[in-house]
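Trainee: I would like to go through this model and check the terms against their cut-offs.
Mentor: Go ahead; ask about each term as it comes up.

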Amino acid sequence: MGNHRQVTEPVSVPDARGYYGEYGGRFVPETLVPALDELIEAFESAMADPAFLTRFADLQATYTGRPTPLTYARRLSDHLGGARIYLKREDLAHTGAHKINNALGQALLAERMGKRRIVAETGAGQHGVAAATACALLGLECHVYMGSVDMARQRPNVFRMQLLGAEVIPVESGSRTLKDAINEAIRDWVTNVDTTHYLLGSALGPHPYPLMVREFQSVIGIEARQQMIEQAGRLPDTVIACVGGGSNAIGIFHAFRDDDPIDLIGVEAGGCGIGSGEHAARFADPATGRPGVLHGTRSYVLQDADGQIRNTYSVSAGLDYAAVGPEHAYLRQLERAFYTYATDDEALSAFQTLCQLEGIIPALESAHAVAETIKRAPAMPRDSIILVNLSGRGDKDLDTVIAQLGGQA
Amino acid sequence: MNHTTYATGLDALAAMFTRAKAAGRAAFLPYFPVGFPTYDESLDIIEAMAAAGADGFEIGVPFSDPLADGPIIQAATQVALENGVTVQRCLDAVRELRSRGVHQPMLLMGYLNPLLAYGPDAFAEAARSAGADGVIVPDLPPEEASLVGDACARHGLALTAFLAPTSNAQRVALVAERATGFIYVVSVTGVTGARSALPPGLEDFIARVRAQTDKPLVLGFGISQPEQARRVNPLVDGFIVGSALVKAGQSGIHSVRDLAASLRAALDD
């Protein structure tokens, strides 16, 4: 075992009002406040109920396929010539991404609350597919809001959701991407709150969503920590994950939060580069990425000087969002986690590298984490370890990648 | 009555409710966003509604992500943003309306993020100095209200708070304690927008709130026709009409003025 001392910071977050330091909270129309109160109560009682936890764990094992493997990326490690690289294979979870962990947890919670109508938003479509899957499994009605721009670039996932019995509702307002899909999902929820649960897909939104999503995703880090000890005999030196809203990142970071000095690295979408303004890197651009309130939570938000939310850009639909989960803003402030970005080009190059060296087609989102790994590993000693959260598989991205690479693999 | 007669926005709003009550009716507060269809036309429309008998105004500050609004107000505020309307421009609009002699209370209605970006204290100071009387922030529940509320209190602005049909007795008590100026009562669970009928449980909901507070109640969401105005007139201290007026704004200033006049006239029946 390495020399991993327990640290006293960060303290247990969030507090009772849903704050992670100065980030988080609950900024929603009054109509939704009672529903959030009900959700907090249901979540707390479920997490203390052995029957709920047993059913959840049973579905994770027999339906999702957990634990997902930890793969030693031997050829990639040799190629880079530095740190040994391990991949946490959330791409092998049912539906092809980590999103199913949260979708199943929340769908079970909705069932427990007697809410049989589910609304969800989706960007890349992975959360929408996971929500549609969980609803099919539990016999719940599912409506997924998706920006029409995202529908065009993620066609296979639209069909998958429809096959699973969900209604996919195109969103034509604003930038017609994830941000606008969340607006529409919230409007639906406000209107139908008595019968409907909003199955939010990332570690953002009003309290208790960031907490609930973290808890449902924390299985990633709990498993990976155990697997590292079993397979490598020690914990990693560095943990790397991509950060859109930040659910896969918080899911793997959480188990390592008290393991100082493990570096926790979040990778945002650098799009065409920070200077171009065409990106979704909330922490990388102080001119536009500032604390603000979007979709019910206070965090870092890409905005103009007047507080209007900026349109974002990334080749990866799942990272193409203007705000980041509040706990990431807090971890960054504490310097417990560090955040960087990878551009479209770097992510596409990493995508190809992982395909060729490991026989794994990663999601474009996850390729951002791989890109950062490729930058860091060569400078690290051979006996050091990087753990990468491979949050999803890339089948859904083939059209995008073919277009980006001009048909040349 | 000149606007400057009142030391604070709270006084101006209290006087508005007193006058309406003395006339045996509810106050009529139209909503209209600055910058739709254009900046100049929005000011002309608000001025015309003032002349048509509006008792006060909710002046819409556009936001890129108006998640409590239905399609009509979403589209109008999007146009306003494309027309270059900023928070500062909305403050200019209030000042300009005052200089044109619009004396009714004005509340700025906007989402939280642009107000935070401006700075709550700077915003409250500038709003009061421009002639505004209050602020309405739909994504600011009472637990978080001090973010903007402290600045509003320092500068004599009201900060309303919302109640919805989903609010239980505990929420009513909290909102009644925190709201200043009036309580904005949302008639339905949903977003802004005209509905063909008011919800059946409305009287019971209002009675439930009345039993817990004597602050003025202003009803909003879903009121679009004179017939609906007649029904809510005896129930509440005021009511807001938004989407229906904004929709009329698509057909020009005369349509808005005529609808506003008919809504106002319905209160004297």
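**Strands, helices and the chain contact**

Mentor: Four bridges join strand β7 (residues 183-186) of chain B to strand β8 (residues 217-220) of chain B, and the two run parallel. One of the bridges pairs B:Val186 with B:Gly220 in β8(B). Keep in mind that this is a predicted model.

Trainee: What makes β7 and β8 of chain B a pair?

Mentor: Pairing needs at least two bridges between the strands. β7(B) and β8(B) have four bridges, and they count as paired.

Trainee: Which strands of chain B stand at the edges of the sheet, and why are they called that?

Mentor: The open sheet has nine strands with parallel pairing, in the order β5-β4-β3-β2-β1-β9-β8-β7-β6 (chain B). β5 (158-159) and β6 (161-163) of chain B each have a single partner strand, so one side of each has no neighbour in the sheet.

Trainee: How do you know how the helices are directed relative to the strands of chain B?

Mentor: The angle is taken between N-to-C directions, from 0 to 180 degrees. Helix α2 (residues 39-51) of chain B lies across β1 (27-33) and β2 (57-60) of chain B, at about 170 degrees to β1(B). Helix α4 (residues 87-99) of chain B packs on the sheet as well, touching β2 and β3 (106-109) of chain B, and makes about 165 degrees with β3(B).

Trainee: Why is A:Glu223 called buried?

Mentor: The limit for buried is under 20% relative accessible area. A:Glu223 has 12% relative accessibility, so it counts as buried. This residue is in helix α10 (residues 219-232) of chain A. Leaving out residues up to four places away in sequence, A:Glu223 touches A:Arg66, A:Pro67, A:Thr68 and A:Lys88.

Trainee: What span is expected for helix α13 of chain A, and what does it reach?

Mentor: At 1.5 Å a residue, 21 Å is expected; α13(A), residues 344-358, has 15 residues and reaches 21 Å from first C-alpha to last, close to that value. Its buried residues include A:Leu348, A:Phe351 and A:Leu354. Just after α13(A), A:Gly359 takes a positive phi of about 65 degrees.

Trainee: What makes the meeting of A:Arg26 and B:Glu143 a salt bridge?

Mentor: The cut-off from nitrogen to carboxyl oxygen is within 4 Å. The side chains of A:Arg26 and B:Glu143 meet at 3.5 Å, N to O, and the pair qualifies. The rule finds four salt bridges across the interface of chain A and chain B.

Trainee: How many residues does each chain give to the contact, and what area is buried?

Mentor: Chain A gives 34 residues and chain B gives 36. Between them the chains bury about 2700 Å², 51% of it on carbon and sulfur atoms.

Methods. Residues numbered from 1 in each chain as written. Chains lettered and ligands numbered in written order. Predicted model: local features only at pLDDT ≥ 70, side-chain atom pairs only at ≥ 80, totals over all residues. Heavy atoms only, no water. Expected span 1.5 Å × (residues − 1). Buried < 20%, exposed > 50% of the residue type's maximum accessible area, 1.4 Å probe, protein only. Contact = heavy atoms within 4.5 Å. Buried area = accessible area lost by both parts, 1.4 Å probe.
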